[in-house]
Amino acid sequence: MPAKRITKTPMRTRDAKLRATDFVEVNIGYKAEHAIFEAERCLRCQQPPCTDGCPVHIPIPELLHEVAAGNMEKAVDILRTANPLPAVCGRVCPQEEQCENNCHMAKQYLPVGIGYLERFIADWERSQPKKKKPKPPQRPQKVAVIGAGPAGLVCAGDLARLGYPVTVFEGLHAPGGVLRYGIPEFRLPKDILDWEIELLKDMGVEIVCNVIVGKTFKLDDLFDKMGFSAVFIGTGAGLPSFLGIPGENLNGVYSANEFLTRINLMQSYDFPNTDTPLYVGERVAVIGAGNTAMDSVRSALRMGSKEGMIVYRRTEKEMTARQEEYEHAIEEGIQFRWLTNPIEIIGDEDGWVTGLKCLKMELGEPDASGRARPIAIKGSEFIIPVENVILSIGTSPNPLLVNTTPGLETNNKGCLVLEANKPQTSRKRVYAGGDAVTGAATVILAAGAGKDAATSIHADLMADLAEK
Amino acid sequence: MAKIIEKRILTPVTKLFRIEAPMIATSARPGQFVIVRVREGGERIPLTIADFDAKSGTVTIVVQEVGVTSRLLGALEVGENLLDILGPLGEPAHIPPGGHVIGVGGGFGAAALWCLMKELKARGDKTTIILGARQQDLLILTDELREACDALELCTDDGSVGFKGLVTQRLQQIMDGDGLGKPNHVIAIGPMPMMRAIANTTSGTDIATQVSMDPLMIDGTGMCGCCRVSVGGKTKFACVDGPLFDANLVDFDEAVKRNKIYVKKEKIAAERQQKHLCERTSS
């Protein structure tokens with residue numbers, strides 16, 4: 001066996017100064033030569049820990065073997081069978097915590113660039129003429145999916161592959177959920193999302209937009225009036241949290257959800273060619289330090305603000321954003337105010353934001369989350385002059401469906417409660433997965449949950465048929 | 001896509017549309033609203049449901065042309081489609097039965113009283129509508145509203161028809177015992193200054209008063225928080241907690257300021273639209 005290279009083939013990125021002014025994708029992607037070169041680094045472990053680290057269990061060594069041999073078409077088949085959203089996941093998965101974290105190469109060297117390779121294979125497929133695949137024979141039982149986000153789309157894709165007629169009901173006017181309204185174009189171009197959704201439609205998945213189940217019709221109507229045999233709930237965690245500090249309703253204060261929805265779903269970056277405006281001042285403070293906070297502050301720069309900063313009451317060590325996003329943000333000139341706790345948003349008499357009043361913090365003993373508890377330093381109040389404050393401090397599941405559906409059990413955080421041994425809710429033949437169950441988490445965990453639910457739905461519906 | 005079945009021009013800038021939307025028509029309740037989008041790249045705007053009919057599967061909305069999107073909508077004709085319509089959204093009106101309900105309507109907001117008062121009258125409540133405008137030809141849906149309640153009271157600033165004066169003055173007269181009987185409930189739907197004035201009129205009495213807030217919205221399902229309204233010191237989302245709120249608890253000052261956030265941008269968009277229209281007509 002030839003010696004393996006110890007470093008990962010780097011991802012090509014666009015120049016930081018240039019890209020911070022537009023919404024074109026930051027990462028450029030591997031060329032075929034890079035991909036083959038990188039795939040050859042795989043050790044082809046007998047019991048691959050990388051696959052165990054993948055929520056959708058992609059057979060990674062097999063996949064990389066095909067790439068290394070230049071068999072891209074085979075690689076596509078392996079990948080797409082395991083994950084209906086590889087072009088998306090190859091871009092937004094935290095691979096460094098999953099497959100790549102488990103890679104044996106990572107014990108001494110840098111892991112194989114599994115994420116970059118996933119992205120490459122999916123993009124390669126997109127560069128080829130579309131292949132018509134034969135549809136499996138259609139089964140008699142119909143399945144409804146509520147929410148066209150990552151959990152719902154993956155669940156729908158897997159069920160369609162098994163031959164179930166699947167209808168996905170989406171509340172917004174375009175499918176994708178957080179992939180559509182939350183993740184910006186410069187990380188996940190929408191034409192890539194569109195293409196991936198198009199493939200699902202080709203498989204037979206029907207997507208109906210502009211329907212809020214619970215309002216437009218009730219969940220029970222799906223069973224009683226519309227003839228569905230099972231329902232999957234993938235409604236996500238779309239309800240934004242606010243801090244409850246004075247000044248939150250001033251003009252210029254946004255939830256990260258609103259800020260990003262205006263830019264991504266409503267395309268306000270193209271205003272006035274599009275009709276939805278956004279108000280962005282010279283200086284923008286984003287409260288929070290997760291991926292959504294990074295997306296918000298980097299989007300603010302691209303919308304024309306001169307100064308973008310992250311304000312976080314803990315430190316770099318405790319932030320939840322991916323390293324790659326953090327590094328990209330630094331390259332683009334984002335400032336970081338660590339150990340800074342906002343206590344009030346200051347405004348002028350017409351109701352516009354002029355500043356953010358904060359306290360300096362220091363770290364104390366670990367709290368319930370295991371992270372060091374930030375403690376306020378007395379008398380350390382100061383004001384950061386800003387025109388915008390964007391709150392990116394988390395989201396929780398939207399109660400709309402639960403409030404209008406009898407018998408759906410939730411916990412004290414509003415998350416749906418599942419049975420111990422399968423992803424079924426407290427209602428028979430009603431399944432759930434993704435952020436609606438876990439609270440805000442990652443795209444790939446939602447995808448994995450959608451996949452597991454599809455397996456469970458299939459087993460239960462087969463049993464129902466056998467009983468008849 | 002939702003097809004326009006009927007269009008009526010109520011005033012030069014106020015248009016009524018009856019739209020084919022069977023699922024919404026089946027589920028709608030008075031007080032709720034829909035969100036519509038007119039073109040690709042277009043805004044999502046909330047519009048109160050004026051009337052709905054499950055049998056014909058249609059929903060009626062009334063729009064006042066004030067900005068880019070409402071003008072685009074107003075220009076649509078019968079047979080054309082709305083790009084998107086989502087609903088019914090928000091909480092329906094909850095009014096305890098058996099009392100005297102006065103609905104106060106001003107401007108195009110009066111349309112929202114239509115299905116509400118009709119339903120209250122049908123269940124046996126005593127119903128009065130006070131409808132106000134600057135002058136007679138700006139009063140909308142008078143025939144429909146007259147039928148929807150026991151007594152329709154018209155008010156005009158110039159006295160061209162009905163009571164000469166403001167809706168609040170007429171409401172005060174009724175509250176003071178002017179024939180129609182004291183109300184138990186007042187629901188005001190119209191421009192913000194009118195709703196605020198109604199809140200002031202009934203403040204300090206035991207008349208339960210609700211106003212229908214009309215803040216900016218995007219998704220309309222509780223996802224963005226754009227429609228935040230302070231009610232009794234608490235932040236509420238008008239899209240899921242409202243749009244009807246206790247009039248005496250609403251922070252109108254804040255609501256007025258929040259509605260002005262995009263004034264400059266809206267002006268840019270409106271001027272651009274005007275320019276396009278001129279170019280189109282001159283070429």
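Predicted model: local features only at pLDDT ≥ 70, side-chain atom pairs only at ≥ 80, totals over all residues.
Figure 1. The mean position of the 53 positive charges of chain A and that of its 59 negative charges are 3 Å apart. Along the principal axes, the C-alpha trace of chain A spans about 70 × 60 × 50 Å. The secondary structure of this chain comprises 18 helices and 16 strands; its radius of gyration is 23 Å, close to the 23 Å that the globule rule gives for 468 residues, so chain A is as compact as a globular protein of that length.

**Figure 2. Burial, surface and contacts of chain A.** Of the 468 residues in chain A, 58% count as buried, and the accessible surface of the chain comes to about 19100 Å², with 52% of that area belonging to carbon and sulfur atoms. Among the contacts in chain A with a separation of 6 or more, 70% are accounted for by residues 24 or more positions apart.

**Figure 3. Domains of chain A and the contact between domain 2 and domain 3.** The domain assignment divides chain A into domain 1 (3-126), domain 2 (142-238 + 396-467) and domain 3 (242-393). Taken over C-alpha atoms, the centres of domain 2 and domain 3 of chain A are separated by 31 Å, and the contact takes 13 residues from domain 2 and 13 residues from domain 3.

**Figure 4. Domains of chain B.** Chain B is assigned a domain 1 (2-89) and a domain 2 (100-259), whose centres, again taken over C-alpha atoms, are separated by 21 Å. To the contact between them, domain 1 of chain B gives 23 residues and domain 2 of chain B gives 24 residues.

**Figure 5. Surroundings of A:M226.** This methionine, A:M226, is found in the loop of chain A between α12 (219-224) and β4 (228-233), where A:M226 is partly exposed, with a relative accessible area of 26%. When neighbours within four places in sequence are left aside, A:M226 is in contact with A:K142, A:F169, A:F217 and A:D221. The residue A:L117, by comparison, is 109 residues from A:M226 in sequence and 42 Å from A:M226 in space, C-alpha to C-alpha.

**Figure 6. Two cis peptide bonds, one in chain A and one in chain B.** Most peptide bonds are trans. The bond from A:F271 to A:P272 is cis, with omega near 5°, and A:P272 has its place in the loop between α13 (256-264) and β7 (283-287) of chain A. In chain B, a cis peptide bond with omega of about -5° joins B:G87 and B:P88, and here the proline, B:P88, is in strand β7 (residues 84-89) of chain B.

**Figure 7. Positive phi at A:R429 and B:L141.** Most residues other than glycine have a negative phi. The arginine A:R429, although not a glycine, has a positive phi of about 60°; A:R429 lies in the loop between α16 (400-403) and β16 (430-432) of chain A and, at 13% relative accessibility, counts as buried, because the cut-off for burial is under 20% relative accessible area. The leucine B:L141, likewise not a glycine, has a positive phi of about 55° and is found in the loop between β9 (126-133) and α4 (142-148) of chain B. With a relative accessible area of 5%, B:L141 is also buried.

Conventions: Residues numbered from 1 in each chain as written. Chains lettered and ligands numbered in written order. Heavy atoms only, no water. Helix = DSSP H or I, 4+ residues; strand = E, 2+ residues; numbered from the N terminus. Rg over C-alpha atoms; globule rule 2.2 N^0.38 Å. Buried < 20%, exposed > 50% of the residue type's maximum accessible area, 1.4 Å probe, protein only. Contact = heavy atoms within 4.5 Å. Areas by Shrake-Rupley, 256 points an atom, 1.4 Å probe, with all protein chains shown as cover. Lys, Arg positive; Asp, Glu negative; His and termini not counted. Charge placed at Lys NZ, Arg CZ, Asp CG, Glu CD. Domains from an automatic or database assignment.
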